[in-house]
Amino acid sequence: MVVLEQKNGCILLENKKINDNRGWFSVQINADELSKYGFKRIVQLNHSLTLEKGVIRGFNYQAAPFQQMKIVRCVSGSIYSVGVDIDPHSINFGKWVGYVLSADNCKLMLVPRTFAHGFITLEENSEMEYFTDEIYSFESAKSIRFDDPDIDVDWTVNGKICPNENIISEKNRCAGMISDLRKEMA
């Protein structure tokens, strides 16, 4: 596991592939390696399939005491994965980091506990997995609007993909703004 970039708390990791005449092999998750970055245990593995290109999921997070650190990877297709710092005491509050994750590039994104996470699908039939270090709690599950102007994420990648705003969950459509979160957590 190699660190490609650390930015505003998120870490982009890459796993080495061992290629041979059958295909390839790669160790995707190594607990000893992940513990160096504060990821102590894997409690849950989540897997999603998004059928259409341009669909946004998120920004989702869990409030305390069920905050989750996540390791995000794309196992089929490709996504643009975005983490937003939602810690009102952080100098990076409201700043975001985005990376293209695909089945081909074998990259993973480590998303800290104090971040909300979202992604847009860059291809049809994109599958995403994320490993968490805390259980899911329905009562603690929260969202921030994907189009919050205070965050101002550019959901296009190389000018090619625009959000399909017709396919958004009710939870994400009704989500609050990051300014509300700052007031709530202050």
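The model is predicted, so local features need pLDDT of at least 70 and side-chain atom pairs count only at pLDDT 80 or more, while totals for chains, interfaces and linings use all residues. Residues are numbered from 1 along each chain as its sequence is written, and side-chain values use heavy atoms, leaving out hydrogens and water.

One aromatic pair was found, where rings of Phe, Tyr and Trp (its six-membered ring) pair if their centres lie within 6.5 Å, with planes under 30 degrees apart stacked, over 60 edge-to-face and the rest tilted. The rings of Phe 59 and Trp 155 have centres 5.5 Å apart and planes at 35°, so this pair is tilted. Because Phe 59 belongs to strand β6 (residues 56-62) and Trp 155 to the loop between β13 (141-143) and α2 (170-173), the pair ties together parts 96 residues apart in sequence. Here, helices (H or I, at least four residues) and strands (E, at least two) are DSSP runs, numbered from the N terminus.

Another buried residue is Asp 133, with 6% relative accessibility, in the loop between β12 (126-132) and β13. A polar atom of the Asp 133 side chain lies 2.8 Å from the backbone nitrogen of Met 69.

Note on methods: Buried < 20%, exposed > 50% of the residue type's maximum accessible area, 1.4 Å probe, protein only. Polar contact = N/O pair within 3.5 Å; in protein donor to acceptor, adjacent residues only side chain to side chain.
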